[in-house]
Amino acid sequence: MNDFTEVHTKLTPEQLRETSRLILAAWPGLTAGEICLFIARFKIGEYGQFYGAIDPMKIMSALHRFAGERVQEAERYEREKSRDRKVEKEAKGITYEAYLEVKRRAEAGDNEAQQMLKRPSPE
């Protein structure tokens, strides 16, 4: 970002190191891919603009917002995954008529039908 922006005052090497240390301390779980995504979003102006100087506080504030978005995305992903599992589980069901046929076969001694009627183990 330091090289990308056209501002009068850029971050000094010490400011860059300190900002990097703060980021690692505050968000140790961020992956390199997530940091690249944050920088790309920052570059396209999603987290505001720099006016005259790159400010470490603006970077940290934007990263805080990004981290919140990251949590929301993870929660959305888990909800969708849970919904997909539920739909998949419901898709494994059978009609009442098919159940009656399996029950009839099980009562007649069909081992496969008897296994089908056993309660599935919890996942």
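Predicted model: local features only at pLDDT ≥ 70, side-chain atom pairs only at ≥ 80, totals over all residues.
1. Residues are numbered from 1 along each chain as its sequence is written, and side-chain values use heavy atoms, with hydrogens and water left out.

2. The protein has five helices and zero strands, so that the order of elements from the N terminus reads α-α-α-α-α; helices (H or I, at least four residues) and strands (E, at least two) are DSSP runs, numbered from the N terminus. Of the contacts in the protein with a separation of 6 or more, 56% are between residues 24 or more positions apart, a contact being heavy atoms within 4.5 Å.

3. Of the 123 residues of the protein, 20% count as buried, where buried means under 20% relative accessible area, exposed over 50%, and partly exposed in between (1.4 Å probe, protein chains only). Phe 42, found in helix 2, counts as buried because its relative accessible area is 6%, and its C-alpha atom is separated by 8.6 Å from that of Ile 59, which is 17 residues away along the chain.

4. Ile 54 lies in the loop between helix 2 and helix 3 and is buried because its relative accessibility is 6%. Although Ile 54 and Met 1 are 53 residues apart in sequence, they are 8.6 Å apart in space, C-alpha to C-alpha.

5. The second largest pocket is lined by 14 residues, of which Met 1, Ser 20, Ile 23, Ile 39 and Ile 59 lie nearest its centre. A pocket is, on a 1 Å grid over the protein atoms alone, an open set of points where a 1.4 Å probe fits, with protein on both sides within 12 Å along at least five of seven lines, and lining residues have an atom within 4 Å of a point. Helix 1 (13–26), helix 2 (32–43) and helix 3 (56–91) each supply at least two lining residues, with helix 1 giving the most, five residues. The lining divides into 11 nonpolar, three polar and no charged residues, with Ala, Val, Leu, Ile, Met, Phe, Trp, Tyr, Cys and Pro counted as nonpolar, Asp, Glu, Lys and Arg as charged, and the others, Gly among them, as polar.
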